[in-house]
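I opened this notebook to record what I looked up in one protein model. The entries follow the order in which I consulted it.

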Amino acid sequence: MGNPNEIRIESVASAVEERSVEHSLRLMHPKMSRLHDIHTKCKLAQALKVKNGAVSFLTDEIVNHANTYHQELEANDAELSFLSEEYRQILNDYERLMRESENDPIEDTPLLIVYQRLFVSKWKLDGSNVTQYVPQLRELLTTNYDIDVLLSFFKAPHSFKMKQEQD
């Protein structure tokens, strides 16, 4: 017997069950998809703001005076007939979309941290350090979110190429 103050440490083998990781990602998918949808619609609504009959794209002036422009749009509803029903609905929901986007911005959502921790922990248990891929994961989640692409990224981040890099 050894000294009673000695501690024996044994190596513990661990294996990550890929189905568990995929299941976790699919559980988080509806929330992330909703956030991404709101974020995309906000950017689209801002781009569709019309002033003096011309489409204005996002500028500081539009951001600072969004309510004024929205009132102008409502006053000139007849001029929006060229827009599809989907785009008119996005414009009608402009204020609600902006509030939701401000309350839960996609870039600052705690959900990103959950994805990041799952990603890093999964690979750490496999014996790999993937912290260099975290910025790519964040970009994928905030700009190009797609559950199938995300699943591919989680399985092999070192061989994953973003769509822009492939073109």
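**Entry 1. Conventions.** I note that this is a predicted model, in which local features need pLDDT of at least 70 and side-chain atom pairs count only at pLDDT 80 or more, while totals for chains, interfaces and linings use all residues. Residues are numbered from 1 along each chain as its sequence is written, and side-chain values use heavy atoms, with hydrogens and water left out.

**Entry 2. The chain as a whole.** I looked up the secondary structure and found nine helices and two strands in the protein chain. These are DSSP runs numbered from the N terminus, with H or I over at least four residues for helices and E over at least two for strands. From the N terminus, the order is α-β-β-α-α-α-α-α-α-α-α.

I then checked burial: of the 167 residues in the protein chain, 32% are buried. Buried means under 20% relative accessible area, exposed means over 50%, and partly exposed lies in between, with a 1.4 Å probe and protein chains only. The chain exposes about 11,200 Å², and carbon and sulfur atoms supply 50% of that area. Accessible areas come from the Shrake-Rupley method with a 1.4 Å probe; for residues, only the protein chains shown count as cover.

For contacts (heavy atoms within 4.5 Å), I considered pairs at least 6 apart in sequence, and 64% of them join residues at least 24 apart.

**Entry 3. Nonpolar cores.** I searched for nonpolar cores, that is, sets of buried Ala, Val, Leu, Ile, Met, Phe, Trp, Tyr and Cys residues joined through side-chain atoms within 4.5 Å. The largest has 25 residues, and those with the most contacts inside it are L25, M32, Y115, F119, L141 and L150. Helix 1 (18-48), helix 6 (110-125), helix 7 (134-142) and helix 8 (147-155) each give two or more residues to this core. Helix 6 gives the most, with six residues. A second, separate core has seven residues, including C42, I90, L97 and M98. As background, nonpolar side chains in soluble globular proteins tend to be buried together.

Entry 4. Is L25 buried or exposed? L25 counts as buried because its relative accessibility is 0%. L25 belongs to helix 1. Leaving out residues up to four places away in sequence, I find L25 touching Y115, L118, I147, L150, L151 and F154. The C-alpha atoms of L25 and Y115 lie 7.9 Å apart in space, although the two residues are 90 apart in sequence.

R26 is also placed in helix 1. With 39% relative accessibility, R26 counts as partly exposed. R26 and L151 are 125 residues apart in sequence, with 9.1 Å from C-alpha to C-alpha.

**Entry 5. Helix 7 against helix 8.** I recorded an angle of about 170° for this pair, with the axes 10 Å apart. Axes are lines fitted to C-alpha atoms, for helices over the stretch in contact, and angles run from 0 to 180 degrees between N-to-C directions. Helix 7 and helix 8 are therefore roughly antiparallel, a label for angles over 145 degrees. On the helix 7 side are Q136, L137, L140 and L141, which meet V149, L150, F153 and F154 of helix 8. The residues of this contact divide into seven nonpolar, one polar and no charged. Here Ala, Val, Leu, Ile, Met, Phe, Trp, Tyr, Cys and Pro count as nonpolar, Asp, Glu, Lys and Arg as charged, and the others, Gly among them, as polar.

**Entry 6. Helix 6 against helix 8, and K122.** The axes of helix 6 and helix 8 come within 10 Å and cross at roughly 35°. Y115, L118, F119, K122 and W123 of helix 6 meet L150, F153, F154 and K155 of helix 8. By class, I list seven nonpolar, no polar and two charged residues in this contact.

I followed K122, which sits in helix 6. K122 is buried, at a relative accessible area of 4%. Beyond residues up to four places away in sequence, K122 touches V16, E18, V21 and F154.

**Entry 7. E95.** E95 counts as partly exposed, at 36% relative accessibility. E95 and A45 are 50 residues apart along the chain, and their C-alpha atoms are separated by 9.7 Å.

Note on methods: Parallel < 35°, antiparallel > 145°, perpendicular 65-115°, else oblique.
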